[in-house]
Amino acid sequence: MHRWRLAFGLGLMIICISVASWRWQPVAAQNPEDDNPPAVEQPLCFSTTGFCINGAFRRYWETNGGLSQFGYPITAEIRETTSNGIFTAQYFERARFEYHPEHSRQFEVELGRLGAELYLVRHERETARAGCRYFERTGFNVCEPFRTKWETVGTTPGATSLEIYGLPISPLLIGRDSAGNPISFQWFERGRMELHQSNLIVLGLVGVEYRNREQQPRPTATPVVPIPPTPEPIQPTAIPTAVLPIPINVPFPDRPCHINVPAPVEGIQAWATLPEVSPPEDEVVCVRLIVNGEAAHPAFVNIYRYIGNERIPGTGHTTGLDGTASFVFHVRDLPIGTIPVEVVATFEGREYRTWTSFIHR
C-alpha cells in the first residue's frame, strides 16, 4: 500500500509540472482553397500604372529581369481561367504571371503562353540552318541576334530560357512598328522578340495586346431581317485578303558588318558601320541583299562615292553566305563633310540600287 501511494504521488506531481510549463501556441487557420501568393513585408507599387506586385509575383519579377524583361504591372491580382485551370494571375506589359501553389516554391510562378494565344498563323517547318539553334519540336530556327537573347536568359540565377520565352513558334518575320518603321520579329510561346532600326532588341507588349483584345466588346446577336429580292443581281464585292509578310531567313552579318546593322528587309540594304568617323579610323560600308527572304549569294556589288559632282567607282565584291559585302574607305583621303555612297548590286540578271552616307569629321 505504501509503495502504491508513493507511485501515485510521483505521477500526480509530474502531471502538475507538465501542465504548469505547457504554453499554448495559437495556430493560424489554413484554408486549402486559398491559392493567393504569400505576401512579403511591403508590396512594390508603381505610380506609372497605379498597380503593385507582392509575394511570389514580386520575387519572380525581381529575380528574372524586372522592368526591362516584364514591364510594369497593368492589373492587380485577378482570377484567370486558362487552358490549365483557374489560377491567381497578374498581367504585366510583356507577360502574364500565373501562381501555381501545387508546385514547389521554385516553380510556383509560371508565365502564361501569351505568344501562342495571340499568334495563330501557321508556317511550314524550317530545316536546321548553320549558325542558328534549331528546335525540332516546333520546327523553327532561332538565329542571331535573337539566339543570344534567348540563350543568355538561361545563364542567370533565375528561370530558364524555356520558362521565360518558351519555344519559337514562327520564323523570322518583318513588319512595322507603331511609328511605321520596319522591324524584324519572331514569336515564341510566351512572347515576341523585336529587332528595331537602332539594332536594339526589345520584347513585344504582349500583355497589353492580350488585355486589349480581351476587353474589346463582344458582338451581340441581331435579329435577321429578310431582304426582299431585287430585280437586278447584286454583284459580290471583292474582300481584300491580308498579305502575310515574307519570312526572312538570313544569318546575322559577320565582322566587320556586325555593327550598326539595320533590321533585315527584302531587297538591298546599305549602312555605314560608323555614322561619323575621323582619322586614323577607316570607314566600312556594308551591303546586304535579300531576295525572297533568303541571303542572295553570290551577288556582285559595286559602290560609287561622290566628291562634288564626280562619281568615283570602287572595287566590286561578291556577297558571302550571309548575303553581305563590305567596302573600306580610307577616311584620310576624303574631304571633310558628308560622303554620299551609291550601291549597285546584280543578282540572277536583276539589278538592285540604294544609297547610304557617312560623315567625315
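A cavity, as I use the term here, is a set of grid points where a 1.4 Å probe fits but cannot get out. I apply this to a predicted model.

**Entry 1**

For the largest cavity I note a volume of about 180 Å³. Its lining comprises 21 residues, and those closest to the centre are Cys143, Glu144, Pro145, Leu172 and Val250. By class, I record 13 nonpolar, four polar and four charged residues in the lining of the largest cavity.

I then turned to the second largest cavity, which has a volume of about 80 Å³. Among the residues that line it are Gln69, Phe70, Arg94, Ala95, Leu111, Ile164 and Tyr165. I divide the lining of the second largest cavity into six nonpolar, three polar and three charged residues.

Next I looked up the largest pocket and found about 380 Å³ of space in it. Of the 19 residues in its lining, Tyr60, Gln106, Val109, Ala159 and Glu163 are the closest to the centre. Which elements each supply at least two residues of this lining? I find α2 (55-63), β6 (109-111) and α6 (161-164). The largest share, four residues, comes from α2. The lining of the largest pocket has eight nonpolar, five polar and six charged residues.

**Entry 1: a four-stranded sheet**

I traced an open sheet of four strands in the order β9-β10-β11-β12, and its pairing is antiparallel. Its edge strands are β9 (173-176) and β12 (201-203), each of which pairs on one side only. From one strand to the next, I note a twist that averages 35 degrees.

Within this sheet I examined the pairing of β11 (residues 191-195) with β12, which is antiparallel over three bridges. Leu195 has Ile201 of β12 as its bridge partner. Which helix packs on the sheet? I find α5 (residues 146-153), which touches β10 (182-188), β11 and β12. The direction of α5 makes about 135 degrees with that of β11.

**Entry 2: a hairpin**

I looked up strand β17 (residues 300-307) and strand β18 (residues 310-313), which run antiparallel and are joined by four bridges. Arg305 stands opposite Ile312, a residue of β18. The two strands, β17 and β18, form a hairpin with two residues between them. In the turn I note that Gly308 has a positive phi of about 70 degrees.

**Entry 3: salt bridges**

How many salt bridges does the structure hold? I record 16 salt bridges. One that I looked up joins the side chains of Arg96 and Glu117, at 3.0 Å from N to O. This pair links distant parts of the chain, as Arg96 lies in strand β5 (residues 95-99) and Glu117 in helix α4 (residues 114-118), 21 residues apart.

Methods:
Residues numbered from 1 in each chain as written. Heavy atoms only, no water. 1 Å grid on protein atoms, 1.4 Å probe; cavity = no way out; pocket = protein on both sides within 12 Å on 5 of 7 lines; lining within 4 Å. Points joined across faces, edges and corners; volume = space filled by probe spheres on them. Nonpolar A, V, L, I, M, F, W, Y, C, P; charged D, E, K, R; others polar. Pairing = 2+ DSSP bridges. Axes fitted to C-alpha atoms, helices over the stretch in contact; angles between N-to-C directions. Contact = heavy atoms within 4.5 Å. Salt bridge = Lys/Arg side-chain N within 4 Å of Asp/Glu carboxyl O.
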